[in-house]
Amino acid sequence: MYPIGTPLSHFVIQEQQRNPGATGEFSRLLHHMVLGAKVVANAVGHAGLVDVLGETDGENASGDVQKKLDVYAHDRFVDHLLHSGLIALMGSEEEDHAILVPPDLEKGRYLVTMDPLDGSSNIDCNVSVGTIFSVFDVPDNVDLSDNPDQLLLRKGSDQIAAGYVLYGPSTILCLTTGNGVNAFTLDSQVGEFFLTHPDIRIPERGRIYAINEGNTSAWERWTADYIASLKGTDNGCGMPYTHRYVGSLVADAHRTLLYGGIFLYPGDRNNPRGKLRTLYEAFPMAFLTEQAGGAATDGHQRILDLTPTELHERIPLVLGSRLDVEDAARFLMEAV
């Protein structure tokens with residue numbers, strides 16, 4: 001375990017030295033990701049003072065109305081990563097198709113998928129938002145020009161790294177490379193992230209649940225029965241759970257990682273497949289949750305065992321403390 005206060009730059013170098021086969025390429029990729037996060041964090045911090053609030057005239061690939069900050073964050077990350085010389089291909093929630101590296105730029109060995117600004121509907125009222133990302137290796141001997149969309153449809157367990165950046169009262173980068181989860185907080189005066197949450201371990205069971213109760217009328221029976229059990233005493237804690245729901249996945253997942261409990265965005269009668277995206281949201285959050293000792297499922301299968309069939313596929317998502325997730329899955333299976 002690294003000591004609190006370790007600079008992210010030192011952490012990355014030391015992790016690289018622990019891997020005899022490391023080339024330094026991933027360290028450089030992370031540097032470009034962090035640079036993009038700092039630029040976006042600065043824009044979020046000045047929202048209202050500069051023209052990044054409000055909506056654009058367009059929609060993203062998932063049919064959501066784009067906020068100005070959605071477009072700004074997307075453009076900044078794409079620019080930094082494509083010019084890094086480390087990217088072979090990118091996928092963004094804001095784009096219909098895979099993003100190719102221009103012919104005049106150097107290509108690398110990594111695939112990156114991301115939601116550049118999660119929870120952007122909250123930005124105009126100054127509620128926490130975030131960036132979510134996954135990193136994959138490029139398969140050997142592939143032609144990147146041959147159906148690039150298909151190349152991004154990887155199994156969840158193929159991720160070699162995942163993380164999120166939470167833009168809130170402070171800016172926090174939470175990262176896993178498959179060896180646990182660590183979170184770093186940005187000191188904006190120094191311009192560096194420092195380790196503040198080493199080796200995050202989610203409690204085996206929590207007492208907080210997060211779900212959009214505005215969808216109650218459309219819930220399937222198992223969801224209603226499970227949430228009712230959390231509000232009573234017939235549950236693993238023997239006492240009522242507390243409800244907390246921000247509506248930004250990054251904020252809700254971050255709280256769940258630290259405090260335990262469960263986050264649910266299940267399918268319902270209006271959206272049988274849920275609303276979160278498999279590739280851009282569910283995969284990275286599931287990887288982080290499992291690396292912290294928790295669990296993530298669509299109710300039937302472990303999230304990381306799945307392979308999406310399209311770039312903007314949606315999926316039900318239940319993640320959090322292992323025992324809480326097991327309880328929720330049991331309610332669903334008993335209802336089948």
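The model is predicted, so local features need pLDDT of at least 70 and side-chain atom pairs count only at pLDDT 80 or more, while totals for chains, interfaces and linings use all residues. Residues are numbered from 1 along each chain as its sequence is written, and side-chain values use heavy atoms, with hydrogens and water left out.

Student: At roughly what angle do the axes of α6 and α7 cross?
Tutor: Helices here are DSSP runs of H or I, at least four residues, and strands are runs of E, at least two. Axes are lines fitted to C-alpha atoms, for helices over the stretch in contact, with angles from 0 to 180 degrees between N-to-C directions. The axes of α6 (residues 249–259) and α7 (residues 278–291) come within 11 Å, and they cross at roughly 15 degrees.

Student: Is α6 mostly covered or mostly exposed, and how many of its residues are buried?
Tutor: Buried means under 20% relative accessible area, with a 1.4 Å probe and protein chains only. The buried residues include Leu249, Asp252 and Arg255. α6 is mostly covered, and the buried count is nine of its eleven residues.

Student: Which residue in β9 is the bridge partner of Leu173?
Tutor: β8 (residues 171–176) and β9 (residues 181–187) pair in the antiparallel sense over five bridges. In β9, the partner of Leu173 is Phe184.

Terms used:
Buried means under 20% relative accessible area, exposed over 50%, partly exposed in between (1.4 Å probe, protein chains only). Two strands pair if DSSP finds at least two bridges between them.
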